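Please read the following with the sequence and the model side by side. The text goes from one part of the chain to another and points out what can be found there.

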Amino acid sequence: MPTAIELANQFQASLVGEASSPFVGLAPLERATQNQISFLSNPLYRQQAAESGAGALIVSKSDFDFLQANPGKYSAQRVYFIAQNPYATFARMAQHFAKQNAPTYAPGIHASAVIDSSAVVPASCHIGPFVQIGSNVKLGERVVILGNASIGRDSVIASDTLIYPSVSLYSGTHIGERCIIHSGVVIGSDGFGFAPDFSATGSEWVKIPQTGNVVIGDDVEIGASTTIDRGAMSDTVIGSGTKIDNQVQIAHNVIIGKCCVIAGCAAISGSTKIGNFCIIGGAANFAGHLTIADRTTVSGNTSIIRSITEPGQHFTGVYPSMLHAAWEKNAAILRGLDKIRQRLRLLDKK
């Protein structure tokens, strides 16, 4: 078990309390015990932190000063890790403890895996049961591909990437280093591209060949059952450090910048370009061919239909729920807004 001083040194936190105290892991404030660490990142929870059974707290300098200055809120028997960003420090400590209990994947290829003779698979890789790896695939060192995954021809997966069961990578997909791709993800399927032909001589939607690829940077995590379409002629691109939740749809030729976060069920239409450090809430959706500036935040369920050119803005377009009878009354008013506008214009002219 790591001691308080070892954790403080590893995660660049100042330490107040017994340096030799050992800890087994982290827990929420309300459930933490004497050999566990919890964190305080919101001043609203100062009282809960003071009452917590945690043997250690990760706190900001201001929260530590508050607890220390108020009788009954500070405990000399507790360890305090004073961090510039308590939430991020908590996340890094949690990673540290999680790695100790994480499953390990021994190098080797399961007997049931089917691997084309032209594929490059280093001896340090783990290839699980019933994995299929196509021609000219190149894997980096220590890549882990778990059961029933399918890796299409000419794909490249860089070192230390983990691919969970039943992932499908279509041909030509490029995955960076240290990525995590969860079960059910499909990368490189055809984008939704069709040209209408309903003239006197034609009556069909003509499929546009999707000949681009998908290129994913380093340290990207992709949640379960997310789909990322290949480009029509150019590539679909996901920037390094971006984190994508479950059941997200990313259409063809979309470009997403670095270190974005995209919550579940969001949908991004074709050829939209998302800048760096953007935050996209659950079930948000974007029309096609838009440009979204860096550091844009979009609340959940918000529809973006125009480009956003000024960085750092926060957009919300969601009406909160209400009783249906009240909604009907408001809808009736909305239907009459145009008539009200016309009357106001007439009054202005008078």
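**A loop cysteine, a sheet and its helices**

Cys-265 counts as partly exposed, because its relative accessibility is 43%, a value between the 20% under which a residue is buried and the 50% over which a residue is exposed. The model is a predicted one. Cys-265 sits in the loop that lies between β28 (261-262) and β29 (267-268). Its phi is positive, about 70°, although Cys-265 is not a glycine.

A second residue with a positive phi is His-289, where the angle is near 60° and the residue is again other than glycine. His-289 belongs to the loop between β32 (285-286) and β33 (291-292). With a relative accessibility of 66%, His-289 counts as exposed.

Now turn to the open sheet of 5 strands. Its order is β1-β5-β4-β3-β2, and the pairing is mixed. The edges are formed by β1 (14-16) and β2 (25-26); each has a single partner strand, so one side of each lacks a neighbour in the sheet. Helix α3 (residues 61-69) packs on this sheet, where it touches β1, β4 and β5 (79-82). The direction of α3 makes about 145° with that of β5.

The pairings can be followed strand by strand. β1 and β5 run antiparallel and are joined by 3 bridges. Here Val-16 is opposite Tyr-80 of β5. Between β4 and β5 the sense is parallel, with 4 bridges, and Val-59 has Ile-82 in β5 as its bridge partner. Strand β3 (residues 36-39) also pairs in the parallel sense with strand β4 (residues 56-59), over 3 bridges. In that pair, Ser-38 has Leu-57 of β4 as its bridge partner.

Which way do the side chains of β5 point? Val-79 and Phe-81 point one way from the strand, while Tyr-80 and Ile-82 point the other way. All four of these residues are buried.

Helix α4 (residues 86-101) comes next. This helix has 16 residues and spans 23 Å from its first C-alpha to its last, which is close to the 22 Å expected at 1.5 Å a residue. Pro-86, Thr-89, Met-93 and Phe-97 of α4 are buried. Viewed down the axis of α4, the buried residues lie within an arc of 70°, so they line one face of the helix. An α-helix has 3.6 residues a turn, and therefore residues three or four places apart point the same way. The buried residues of α4 pack against α1 (4-10) as well as β2, β3, β4 and β5. Tyr-87, Arg-92 and Lys-99, on the other side of α4, are exposed.

The last stop is Thr-161, in the loop between β13 (156-157) and β14 (162-163). Is this residue, Thr-161, buried or exposed? Thr-161 is buried, because its relative accessible area is 0%, and buried means under 20%. The side chain of Thr-161 reaches the backbone nitrogen of Cys-179 at 3.1 Å. A polar atom of this side chain also lies 3.4 Å from the backbone nitrogen of Arg-178. Leaving aside residues up to four places away in sequence, Thr-161 touches Arg-142, Val-143 and Val-144, and also Ile-175, Gly-176, Glu-177, Arg-178 and Cys-179.

Conventions: Residues numbered from 1 in each chain as written. Predicted model: local features only at pLDDT ≥ 70, side-chain atom pairs only at ≥ 80, totals over all residues. Heavy atoms only, no water. Pairing = 2+ DSSP bridges. Helix = DSSP H or I, 4+ residues; strand = E, 2+ residues; numbered from the N terminus. Contact = heavy atoms within 4.5 Å. Axes fitted to C-alpha atoms, helices over the stretch in contact; angles between N-to-C directions. Expected span 1.5 Å × (residues − 1). Buried < 20%, exposed > 50% of the residue type's maximum accessible area, 1.4 Å probe, protein only. Arc of directions from axis to C-beta. Polar contact = N/O pair within 3.5 Å; in protein donor to acceptor, adjacent residues only side chain to side chain.
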